[in-house]
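Student: Could we go through this one together? I would like to begin with the strands and then turn to the chain contacts.

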Amino acid sequence: MYAEKAKPSSVSFQQPQAIENAGKIYVKDKLLYQVENGKGIHVISITDPSKPVREGFIPIAGAQEISILNNSLYTNTYNDLLVLDISSPENITITKYIENAFTLVSTVTPPESGYFECVDPAKGMVIGWTKKKIYSPKCKY
Amino acid sequence: MAGRRRKFIHPNANTKMKLRYLYILVFILLAAIGCEKDSNRSVAATGKGGSTARFTISGVHLYVVDGDELHTFSLQNPAEPEQVNSLQLGWNNSIETIFPWKDKLFIGSTDAMYVISISNPRQPVVEGTASHIRACDPVVADDKYAYVTVRTGNNCSGDINALYVYDVSAGAGSPSRVFSQDMNNPHGLGLHNNYLYVCDGAAGLDVFNVQDGANPRLVTTKKGYTFFDCIPVDNVLVCMIEGGMVLYDISTPANPVVLSEIKK
């Protein structure tokens, strides 16, 4: 899978969305965060854990990870570190963006070894891999 | 005579008083410095992640593991982290998870568990390594033991599914394995008040009594979901399941009771 890579210009707090591809979880101050793999972060209030309330959704392309210190939320947009100020949910701001801070998504080889479609940089940046039938593949690892 | 004596005593007493004040002042100063160090480490308002996380915060540093490296970011200014270190740990995309405990990080890879010292938080160093067969392996730990699940399938090669316990009390060197038990397809785990919650995929959530960490005893298995990871927070266990989350009341740790589920 390929995508145009760009620094996100802004991040907003949106209406709650359905959980489709449930990812990693994080808990802080009666708020529960669940990553929507590759798409963003669900924010759920568990002030009453028997009645969770969906507060909203923070869309972030490529997101897989989350951690929080004070009012700063650390996540990834593909292989870039993204820091959000979440002190007021209605006005989330990006305070820092570090490009290529790590390699969470391999842009060279798929996660499983075997034959794969060779990467073509002309198509954009590799943002993930899918399994499918390919004919006479030239790449293998 | 009495007057003279008093005069003679006074300056002496004064000096003693001054010294005492000085001692008190020094003590307050030291206490203040101690507090500041403490607040850096534990009071900092960070939340809790799961055992399968690749991001974790300890003190005022963010640690990130990608396939091969441990990256350290200073959060001296939390809004603007600064990368201060990268440590090569593995090869071929083998590193998978990170778990903080006091001045250590426990890192799970597909062929080993690394014990990393962050006594110097800006410069993590490998303190111990426990190698095992190739499999995926999240870790949770306390002062004495590290609990590791190894599993195969999906992106994980190898052919074993088990819960391992390593004695990590010695610190440096290679921790010895003190316990192992076969499981179905174990993923993440969570540790809470002498109880260990192991997410055994579709086979359920296994609850172990780990009062004796070297000899976990299975007390119950909760079924009904496909469990991937769980985080104990006070008396609530938050579990990541296929399709969302489920929350349990663990005020009786041996018997989790469903509070709610968040799906779709």
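Predicted model: local features only at pLDDT ≥ 70, side-chain atom pairs only at ≥ 80, totals over all residues.

Student: In what order do the strands β10, β11, β12 and β13 of chain B lie?

Tutor: The order is β10-β11-β12-β13 in an open sheet of chain B, with antiparallel pairing. Strands are DSSP runs of E with at least two residues, numbered from the N terminus, and two strands pair if DSSP finds at least two bridges between them.

Student: Which strands are at the edges?

Tutor: The edge strands are β10 (139-141) and β13 (176-182) of chain B, each of which pairs on one side only. From one strand to the next, the twist averages 20°; axes are lines fitted to C-alpha atoms, and angles run from 0 to 180 degrees between N-to-C directions.

Student: And how many bridges join β11 and β12 of chain B?

Tutor: Six bridges join β11 (residues 145-150) and β12 (residues 162-167) of chain B, in the antiparallel sense. Within β12(B), V165(B) stands opposite Y147(B).

Student: What about β2, β3, β4 and β5 of chain B?

Tutor: They form an open sheet of four strands in the order β2-β3-β4-β5, with antiparallel pairing. Its edge strands are β2 and β5 (82-88) of chain B, and the twist averages 20° from one strand to the next. Strand β4 (residues 69-74) of chain B pairs with β5(B) over six bridges, and S86(B) in β5(B) is the bridge partner of H71(B).

Student: Changing topic, how many residues of chain B are in contact with chain A?

Tutor: There are 42 residues of chain B in contact with 37 residues of chain A; contact requires C-beta atoms, placed from the backbone, within 7 Å.

Student: Which strand of chain B gives the most to that side?

Tutor: That is β21(B), with four residues. Strands that each supply at least two residues include β18 (227-233) and β19 (236-241) of chain B.

Student: What is the make-up by class?

Tutor: The side of chain B that touches chain A has 20 nonpolar, 14 polar and eight charged residues. Here Ala, Val, Leu, Ile, Met, Phe, Trp, Tyr, Cys and Pro count as nonpolar, Asp, Glu, Lys and Arg as charged, and the others, Gly among them, as polar.

Student: Which strand of chain A pairs with β1(B)?

Tutor: Strand β2 (residues 22-28) of chain A does, in the antiparallel sense over two bridges. There, V27(A) stands opposite K48(B).

Notes: Residues numbered from 1 in each chain as written. Chains lettered and ligands numbered in written order. Contact = placed C-beta atoms within 7 Å.
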